[in-house]
Protein chains: 2
Amino acid sequence: MTVPSIHDVANDCGVSTATVSRALRGLPNVSPGTRERVRESAARLGYVPSPSASGLSGGRHHAVAIVIPSTARWFYTAVIEGVDGVLRREGYDTFLVILAATAAGRERLFHNALLRKRADAVIALGIDFTAEEREELRSVDMPAVIVGGPVRGVRSVGIDDLAAGRAAMEHLLALGHRRIGHLGGENEYGMDHSVGQDRARAWRGSLERHGIAPAPQWYAVGSFLMPQAKAAATAMLRSADPPTAIFAGSDEMAFGVVLAALEAGLRIPQDLSVIGIDDHDWSESFGLTTMRQDPFEQGRIAARTVLDGLSGRATPIRTVKAEVRLVERRSTGPAPGATGPAALAPPPAVVAH
Amino acid sequence: MTVPSIHDVANDCGVSTATVSRALRGLPNVSPGTRERVRESAARLGYVPSPSASGLSGGRHHAVAIVIPSTARWFYTAVIEGVDGVLRREGYDTFLVILAATAAGRERLFHNALLRKRADAVIALGIDFTAEEREELRSVDMPAVIVGGPVRGVRSVGIDDLAAGRAAMEHLLALGHRRIGHLGGENEYGMDHSVGQDRARAWRGSLERHGIAPAPQWYAVGSFLMPQAKAAATAMLRSADPPTAIFAGSDEMAFGVVLAALEAGLRIPQDLSVIGIDDHDWSESFGLTTMRQDPFEQGRIAARTVLDGLSGRATPIRTVKAEVRLVERRSTGPAPGATGPAALAPPPAVVAH
DNA sequence: GTGAAAGCGCTAACAG
DNA sequence: CTGTTAGCGCTTTCAC
C-alpha cells in the first residue's frame with residue numbers, strides 16, 4: 001500500500017530501472033514495444049517519479065522559484081498564473097518566495113536552500129537583481145528572467161514603460177490637458193525597479209516636451225497601492241491649481257484617483273480625466289481608460305524563457321518587449337477649458353463622507 | 001567554487017557527516033563544543049543542506065503545498081502571505097498549486113508528484129476535499145488543513161459564515177431595511193465550498209426570521225468577482241421593487257455593488273446600503289461597512305497547524321473559528337422609509353456612461 | 001558523544 | 001536496445 005517506486009515498475013514489466021527511467025522520460029534507445037509496456041505499467045501502478053530522487057541524481061529538480069515583493073498586486077498574481085500554467089504543463093512545480101513574508105529579507109535570498117538546491121531557475125517579479133546576485137546566478141548556471149523592467153545582463157520581459165507612459169500622456173495632451181498630475185509607484189521592500197521611475201520620467205518628459213513646467217503639487221507618491229493613491233490624489237485635488245487630468249502609474253492607483261475624485265465631488269471625465277497602466281480585471285467596471293498590457297502572457301513568456309534555458313537552447317540575453325496599447329473608456333475626456341467652459345459647480349458628493 | 005556539501009563541513013571541522021547532521025539539526029548526543037564548531041564551519045562555508053537529499057533519506061521535504069482555485073482573490077493572497085511567513089521562518093518552502101492554471105484540472109490532483117513526493121503537508125484554500133482525497137491524505141499520513149469552511153474529518157480554519165452572514169443581516173435589519181438583496185458567491189472551478197452557500201443561507205434565513213419573503217430578484221450570483229457582481233447588482237437595482245440594501249458575499253462583490261449604484265445614480269447610503277464580508281485592503285477607501293475577518297492570521301494558523309502535525313503533536317481534528325466583527329463605515333445607513341422620506345430625485349450620475 | 005555503513009529513489013556512464 | 005554499476009547528499013541504525 002506504499003507509494004510505488006521505479007523498482008516496482010521495473011519488476012512489473014521485467015526490465016531494469018534504467019530502462020524504465022529512459023522509457024518514461026522519452027529518451028532514445030528504447031524499443032517502442034518496451035516503452036509502451038513501461039508506460040502501461042507505470043500508469044496502472046500509479047507511479048510518479050520522486051522529484052527529490054531525480055533532483056539528487058540528475059541535478060534537475062523540476063521546479064522553478066518565483067520571487068515577488070508581495071502578493072497584493074494584481075499584476076503579480078496574473079503573472080504567477082501565467083507562469084504556473086506553462087510550467088505545470090511541462091511537469092515543473094512552482095515555488096513561491098514572497099519577500100514581504102521573508103523575515104531575513106532579501107540579503108539572504110541566495111543563501112536560501114530553495115534557490116540553490118531546490119529550484120532549477122528563477123523568475124523574479126518587480127525587482128532587479130544586484131550585481132552580486134547576478135554573478136551568483138551565473139556561477140551556478142541558473143536560468144533567470146525578470147518580469148518588469150529591462151535589466152542589463154539578465155533576460156527580462158516587460159513593456160517599454162517609458163513609451164507606455166508617453167503614450168498615456170499623449171492621449172491626455174491630445175485631449176487638451178495641460179495641467180496633468182502623476183501618481184508614481186515607488187520602490188517597495190528595498191527593491192530597485194525602474195518601472196515606476198520610467199513612468200514618472202515619461203510624465204515629466206512629455207510635459208516638458210510640450211513646454212509645460214510641472215508644478216510640484218502635480219506629483220505624488222502612490223506606492224502602487226490603491227489606498228495610498230487615493231490619499232495622495234485627494235491632497236493633489238485639493239491643492240492650489242489642481243490638475244485637470246491625472247496619469248496614474250498603475251490601474252490600481254487610478255482606482256484610488258477615481259474614488260478620490262468622486263468624494264471630492266468631481267465628475268469624471270468632465271472635471272477630471274484619469275488614465276492608468278495595466279488594464280486590470282476591474283478597469284472595465286471602473287470605466288477606466290488605460291494602457292493595456294498582458295501580465296498573464298508575460299508570465300507565460302518568462303516561463304518559456306527559463307524552460308528554454310533549462311533545455312540548453314538558451315535565448316539571447318535581451319528584453320522581450322511586451323505589447324501595450326491604449327484602451328479608451330470613460331475616464332478621459334477633453335480638458336475643461338479646451339472645448340468648452342468648465343463645469344461651474346460640482347454636483348453633490350456621491351460617496352458620503 | 002562548487003556549492004558546499006555536508007562532507008565539506010565534516011572535513012572542515014574534522015568530524016563525521018553524521019555528527020554534522022545531528023549538530024545542525026539540534027539533535028541530542030552532540031557535545032556543546034562540537035556543535036559550536038560545526039555551526040561555525042557551516043556558516044563560514046555557506047553550507048545549506050540539500051532538501052532533495054534530506055527529503056530522500058529522511059522523508060521530510062521541508063515544503064508544503066498550497067492549493068488554491070486561483071490567485072485573483074484578495075482573500076487567497078492574504079492567506080498565502082500568512083502561510084508563507086510562518087513556514088519560511090521554520091525553514092519550509094511553499095509550493096503553489098493553482099487549479100485554474102492546472103491543465104489536468106483537479107481530478108489528478110493527488111496523482112501529482114508534488115503532493116505525493118515533494119510536499120510534507122497540504123493547505124487548501126476555498127475548496128473541500130473529496131472523500132477519496134481525504135482518504136488519500138490519511139493513507140500517506142499527510143497533515144492537511146483547509147482554510148474557509150469547516151469540513152468533516154479534516155482540520156480547518158475559517159470564520160462561521162452563517163453567523164457572519166446573520167450579523168451582517170442584523171445590521172441591515174436594525175437600520176430598518178426590509179427589502180434586502182444578496183450577491184452570492186458560487187462555486188468555482190468545480191469546487192464545492194460551503195462559504196458562499198452559508199452566507200446565502202444566512203441572508204435567506206434572516207429575512208424569513210423577520211417574516212420577510214425574499215423576492216426572487218433580490219438574489220443574484222456574483223461569483224466572488226467584482227465585475228460579475230457589478231453586472232448582477234446593476235440588474236438587481238433596475239428590477240421592479242429593488243432592494244434598499246444589499247448584502248454582498250464578499251467585499252470585492254460589494255465594491256461592484258457600489259460601482260453599480262453610483263452608475264445608477266443612487267446615493268450611498270441614502271438610497272442604497274451596502275455591506276460586505278472580509279474587510280479587504282481597499283474597503284476603507286470605499287467607505288464600505290463590512291464584517292471583518294483576518295485572512296493573514298488564518299493563514300498563519302493553518303501553517304502552524306500543519307507544522308504541529310508534522311512534528312508529531314497533532315492538534316485535534318476540528319475547525320478553528322476565526323474572529324469576525326462588524327466594522328461600520330459609510331456605506332450603510334437607515335432604510336429610506338424608516339427614518340424619513342426617501343430621496344425624491346437621484347442626483348446626476350457621477351461615473352459617466 | 002561519535003563514526004561507519006547502509007540506504008532513500010533515481011539518473012548517468014559504461015558495458016554488452 | 002538493455003542491464004550493471006556507481007553515485008547524488010543526506011539521515012539513520014548500530015557499533016564503539
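Predicted model: local features only at pLDDT ≥ 70, side-chain atom pairs only at ≥ 80, totals over all residues.
## Chain A at a glance

Let us begin with chain A as a whole. It has 353 residues, and buried residues make up 58% of them. Its secondary structure comes to 14 helices and twelve strands.

How far apart in sequence are the residues that touch one another? Taking contacts in chain A between residues at least 6 apart in sequence, 71% join residues at least 24 apart.

## Two helices that cross

Next comes a pair of helices in chain A, α2(A) and α3(A). Helix α3 of chain A covers residues 32-45, and its axis comes within 9 Å of the axis of α2(A). The two axes cross at roughly 90°, so α2(A) and α3(A) are roughly perpendicular to each other.

Which residues make this contact? From α2(A) come A:T19, A:V20, A:R22, A:A23 and A:L24, while α3(A) brings A:T34, A:R35, A:V38, A:R39 and A:A42. Sorted by class, the contact of α2(A) with α3(A) has five nonpolar, two polar and three charged residues.

## Around DNA strand C

Now we turn to the DNA. There are 27 residues around DNA strand C, and those that come nearest are A:I6, A:S21, A:Y47, A:S57 and B:T34. Which part of the strand faces the protein? Of the atoms of DNA strand C that come within 4 Å of the protein, sugar and phosphate account for 71%.

In the side chain of A:S57, an N or O atom is 2.7 Å from a sugar or linking oxygen of DNA strand C. Chain B takes part through B:T19, which has a polar side-chain atom 2.8 Å from a phosphate oxygen of DNA strand C. For B:S31, a backbone N or O atom lies 2.9 Å from a phosphate oxygen of DNA strand C.

## Around DNA strand D

DNA strand D has 27 residues around it, and A:T34, B:I6, B:S21, B:Y47 and B:S57 come nearest. Within 4 Å of the protein, 69% of the atoms of DNA strand D belong to sugar or phosphate, and the rest belong to bases.

A:S57 has a polar backbone atom 3.0 Å from a base oxygen of DNA strand D. From chain B, a polar backbone atom of B:S50 is 3.2 Å from a phosphate oxygen of DNA strand D.

The elements that give two or more residues to the surface near DNA strand D are α2 and α4 of chain A together with α2 and α4 of chain B. The largest share comes from α4(B), with five residues. By class, the surface near DNA strand D has eleven nonpolar, 14 polar and two charged residues.

## A closer look at A:D279

Back in chain A, A:D279 is worth a visit. You can find A:D279 in the loop between β9 (273-278) and α12 (283-286). Is A:D279 buried or exposed? Its relative accessible area is 13%, so A:D279 counts as buried, the limit being under 20%.

The side chain of A:D279 makes polar contacts with two arginine side chains: that of A:R292 at 2.6 Å and that of A:R329 at 2.4 Å. Leaving out residues up to four places away in sequence, A:D279 touches A:W74, A:D251, A:T290, A:M291, A:R292 and A:R329.

## A stop in chain B: B:E170

Our last stop is B:E170, which lies in helix α8 (residues 161-174) of chain B. B:E170 counts as partly exposed because its relative accessibility is 34%.

Which residues does B:E170 meet, apart from its neighbours within four places in sequence? B:E170 is in contact with B:R209 and B:H210. B:A231 is 61 residues from B:E170 in sequence, and their C-alpha atoms are 26 Å apart in space.

Methods. Residues numbered from 1 in each chain as written. Chains lettered and ligands numbered in written order. Heavy atoms only, no water. Helix = DSSP H or I, 4+ residues; strand = E, 2+ residues; numbered from the N terminus. Buried < 20%, exposed > 50% of the residue type's maximum accessible area, 1.4 Å probe, protein only. Polar contact = N/O pair within 3.5 Å; in protein donor to acceptor, adjacent residues only side chain to side chain. Contact = heavy atoms within 4.5 Å. Near = heavy atom within 4 Å. Nonpolar A, V, L, I, M, F, W, Y, C, P; charged D, E, K, R; others polar. Axes fitted to C-alpha atoms, helices over the stretch in contact; angles between N-to-C directions. Parallel < 35°, antiparallel > 145°, perpendicular 65-115°, else oblique.
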